[in-house]
Amino acid sequence: MARRLKVLVSKEVRELVRDPKIILVMILVPSLMFIIMGEAVGFAAEKTAEEILKGVDTAFVDGDGGWASDLLYSIASSAPVSRVDRIQVTHGEDVADRALELAASGRYDLVIAVPQGFTENITSARPAVVLVYSVVRGLSVAAGAKPEVVTGLLESYKEHLVKQWLRRAFPDKDPNVLLNPFTVVEEAVVKGKALPQQALSMLMSQSFLLFLGPLILLSMAASIAAASIGVEKEEKTLETLLSLPIRGRDVLFSKAIATLIVAVIGTLSLSLGFTVYMRRVLSMPLEIASQAGATGAQPYGYSGGLGFSQVLELLGVGTVVVAVVGVFLSIMLVLLLSIVVSSLAGNVREAQALAGYIWLPLFIPLFAMMFLNITSLGPLGQAVLAMLPFATPLLALKAGFEGVPWIMYANLATNLAYSLLVLFLGARWFEGEKILTARIRARRRGLIRGLVGTGR
Amino acid sequence: MSKDRLLSVERLVKIYGDKPAVRGISFSVDEGEIFALIGPNGAGKTTTMRIIATLLKPTSGRVLVDGHDVVSEPLEVRRRISYLPEEAGAYPNMTGREYLEFVAQVYFEDPGEARAAVERGIEYAALGDAIDERVKTYSKGMKRRLQLARALMTRPRLLLLDEPTSGVDVVHAVHLRRVVKRVAREEGSTVLLSSHNMLEVEYLSDRVAFIHEGRILVEGTPGEVKKRYGAGNLEEAFVRALEEQGLSLGGSG
Ligand SMILES: Nc1ncnc2c1ncn2[C@@H]1O[C@H](COP(=O)(O)OP(=O)(O)OP(=O)(O)O)[C@@H](O)[C@H]1O
Ligand SMILES: [Mg+2]
């Protein structure tokens, strides 16, 4: 029987990998998607840096004419990327009006306006105002980052003034220390290990992938499982197949094994794309920081990342193993469910519609899980969590962080039980006679109408 | 039960939901015999074949293939049969040869036997160079020839052929009928077939049964049946048999 199963599996795999749609959906799209996503984000970042390097056209509207505005002007024009036009305003003309006019002209990215009396106010330590108009040309990161480069300079100007005062008031003290009496060194402590806070934030910011990744993976798996049974119905090969000297359940087993093989290839492809993406995303802030660094501005203020070994250490090897096993178990469950359910379809399209819907409602609760802390749930909530289908990988990562490992083992066990149950029921279904004739028909409108048992 | 009775169908009943499709059919086919089921659309031919092929469970009655019960020993039965469904296709992304290889490997453990079966299949299908092209490029008739060749190449004890040559052109249909006859005569395979083509039935069958609304009206050699209705050919005999039932044509289905 093992020999026949092998023959069946190899037939299934061959039929799947020769289908250009499967190759596209399972192998190319998953990796390309992430690679393209990474490239898109990287491209945006590069564009931002490029925009900044192209220069920021600044109008400096001077209604003051004192030393303080002179200093501000020289600081603003000291930045290598800024081109500053200085516009003197005659007495009596409104500085704000003039600045707005210039901003509206479209010639400038930024207009800095210094009202009359600025120097006087600064000198006598009275509240003074500088008006800054940034011209917004779009809703992109690049559009926002550009004026920031110059406005960042205003901050250093402020510092410069304060230090001057401090030097005058406390000639024997270091103004830098006075200005900044202590430095905050921030680290996050996870399970007794200290990690750079920024690296952790970066990791958290990508945590949507914990939902998106499995979503893509499982829908891929459902899609190939549906194709593998849908084609039998569409091409009318199932009747012959079931009459061969094999058991009906061997058809289910061989399809499960074959689609698992293809799904694992898809998973590897997805992981490859994901790795490329993470590399790109993690390296990106560094690029920008270094390119924009000359100006003193730090659009992202991030440098450094978490290595794989650090993540592994953080989570614990046990957690990672459970997570990986959980991924395969989830794939297996989706495959089995999809094969069994889409055997009710009459063709590939119907099969994929059925397989596409069946597991989504089961998967949706995972979305809520991203925002929950396991430990903040009551016993009932935790029990529900422990029984959620497809939850093992995500739960393992969370449980690993929160230090409640029992819940991931419980979830692993329930998911194993689900798979075995579907396997058992599926085997019976494939041994029965309804597999040939049962059909859920898709209506013209594309809705699914339940009609089990008597189709011809 | 005599020793050389390869197929016996006893008071077979099949009801779909509450719709009876087969209402107590009994017949038996001896080893090496070619037996044809003839009947109008919806008579219950395919249902009977599917039960013998272990794909459907009978509502009541008993079917034995080479002494094995189709319900309690389906695997034993499947090892002895080769079933050509009424509507059957092959995997679109395989070549014809690969498809035959796949089926042969399922049937035969010995690679040599499997290879010999594939060679026979290729000869029966007579597809020429197309045998190495993907099935999705085949015409309807080419697919049918591949299927029939697939069923014949394994030299089963019992061949179940549901409308074997439907959709096949005249020349290839003649070739395939010769093959069916040869396989039955030379390999000793027993054949149960259904057909709407009376020429085919007359050429192939040792015995025929007329089925109507799930019941057998008459059974015998083509000669006996023709004589019984005083008909010159099977087609005429069939029409008269139905008229005798008080049925006008087209009133069933
Ligand atoms: N899956 C099914 N569910 C319900 N009724 C069915 C099913 N399959 C067949 N029938 C009914 O059973 C009866 C016998 O059908 P069957 O397919 O055995 O006829 P047939 O003799 O092969 O006809 P044809 O010459 O058209 O192939 C018909 O009335 C048909 O409508
Ligand atoms: Mg039929």
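Which elements of chain B cover the buried residues of α4(B)? The legends below begin with this helix.

**View 1. Helix α4 of chain B and its cover.** This is a predicted model, in which local features need pLDDT of at least 70 and side-chain atom pairs count only at pLDDT 80 or more, while totals for chains, interfaces and linings use all residues. Residues are numbered from 1 along each chain as its sequence is written, chains are lettered from A and ligands numbered from 1 in the order in which they are written, and side-chain values use heavy atoms, with hydrogens and water left out. The cover of the buried residues includes α3 (96-107), α5 (140-153) and α6 (170-187) of chain B. Helices here are DSSP runs (H or I, at least four residues), numbered from the N terminus. Among the buried residues of α4(B) are A114(B), R120(B) and Y124(B); buried means under 20% relative accessible area, exposed over 50%, and partly exposed in between (1.4 Å probe, protein chains only). A126(B), with a positive phi near 50°, follows α4(B).

**View 2. The magnesium ion (ligand 2) and its donors.** T46(B) (OG1) and E86(B) (OE) coordinate the ion at 1.9 to 2.5 Å. Donors are N, O and S atoms within 2.8 Å of the metal (3.2 Å for Na, K and Ca); water is not among the atoms, so the site may look incomplete. T46(B) lies in helix α1 (residues 45-52), whereas E86(B) lies in the loop between β6 (81-84) and α3, 40 residues apart. T46(B) counts as buried at 18% relative accessibility, and E86(B) as partly exposed at 32%.

**View 3. Residue L28(A) in helix α2 of chain A.** L28(A) belongs to helix α2 (residues 20-54). Its relative accessible area is 38%, so L28(A) is partly exposed.

Notes: Helix = DSSP H or I, 4+ residues; strand = E, 2+ residues; numbered from the N terminus. Contact = heavy atoms within 4.5 Å.
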